[in-house]
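Here is a report on one protein model. Please read it with the sequence and the structure side by side.

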Amino acid sequence: AEVKVLCFDEFFVSDIGVHVRRYANRTLVVTTSLETGAAKPSVAIEFRDGRNAVAATAETDHEGLALI
């Protein structure tokens, strides 16, 4: 699936809606299409620490879910 991204200086506009839920020992990321509401599979996820180093990575599954 093609993802269109428009760049405007410091932020991006895309069709990806992101919901993040933090639990005691894991984080759930849910991605959906803002246009259709359908799950967005194969979305690359990165969590970064205070020094902007990558702390964890994941990719959403066919249901738009990633558990880190």
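## Strands and pairing

Read along the sequence, the pattern is β-β-β-β-β-β-β. The protein has 0 helices and 7 strands. Helices (H or I, at least four residues) and strands (E, at least two) are DSSP runs, numbered from the N terminus. The model is predicted: local features need pLDDT of at least 70, side-chain atom pairs count only at pLDDT 80 or more, and totals for chains, interfaces and linings use all residues. Residues are numbered from 1 along each chain as its sequence is written, and side-chain values use heavy atoms, with hydrogens and water left out.

Of the 68 residues of the protein, 18% count as buried. Buried means under 20% relative accessible area, exposed means over 50%, and partly exposed lies in between (1.4 Å probe, protein chains only). Contacts are heavy atoms within 4.5 Å. Among the contacts with a separation of 6 or more, 22% come from residues 24 or more positions apart.

## The open sheet

Strands of a sheet pair through backbone hydrogen bonds, either parallel or antiparallel. Here, two strands pair if DSSP finds at least two bridges between them. An open sheet of 3 strands has the order S3-S4-S7, with antiparallel pairing. S3 and S7 stand at the edges with a single partner strand each, so one side of each has no neighbour in the sheet. From one strand to the next, the twist averages 15°. Axes for such angles are lines fitted to C-alpha atoms, for helices over the stretch in contact, and angles run from 0 to 180 degrees between N-to-C directions.

S3 and S4 run antiparallel and are joined by 7 bridges. A hairpin links S3 to S4 through 4 residues. Arg 22 stands opposite Thr 27 in S4. On to S7 (residues 65-67): 3 bridges join S4 to this strand, and the two run antiparallel. Val 30 has Leu 65 as its bridge partner in S7. Val 29 has Ala 66 as its bridge partner in S7.

## The S5-S6 hairpin

S5 and S6 run antiparallel, and 5 bridges join them. Glu 46 stands opposite Thr 57 in S6. The hairpin of S5 and S6 has 5 residues between the strands, and in this hairpin Asn 52 takes a positive phi near 70°. Asn 52 lies in the loop between S5 and strand S6 (54-59).

Most residues other than glycine have a negative phi, and most peptide bonds are trans. Ser 42 is not a glycine, yet has a positive phi of about 60°. Ser 42 sits in the loop between S4 and S5. At 52% relative accessibility, Ser 42 counts as exposed.

## Charged side chains

Side chains of opposite charge can pair when their charged atoms come close. A salt bridge is a side-chain nitrogen of Lys or Arg within 4 Å of a carboxyl oxygen of Asp or Glu. By this rule there are 2 salt bridges.

| Salt bridge | N to O distance |
|---|---|
| Lys 40 and Asp 15 | 3.4 Å |
| Arg 48 and Glu 46 | 2.8 Å |

What does the pair of Lys 40 and Asp 15 tie together? Lys 40 lies in the loop between strand S4 (27-33) and strand S5 (44-48), and Asp 15 in the loop between strand S2 (11-13) and strand S3 (16-22), so the pair ties together parts that are 25 residues apart in sequence. Lys 40 counts as buried, at 12% relative accessibility. Asp 15 is partly exposed, at 21%.

Turn to the other pair. Arg 48 is partly exposed, at 43% relative accessibility. Glu 46 is also partly exposed, with a relative accessible area of 47%.

## Rings

Arg 26 lies over the face of Tyr 23, at 4.9 Å from the ring centre. The rule for a charge over a ring is NZ of Lys or CZ of Arg within 6 Å of the ring centre and within 35 degrees of the ring normal. A search of the whole structure finds 0 aromatic pairs. Rings of Phe, Tyr and Trp (its six-membered ring) pair if their centres lie within 6.5 Å; planes under 30 degrees apart count as stacked, over 60 as edge-to-face and the rest as tilted.
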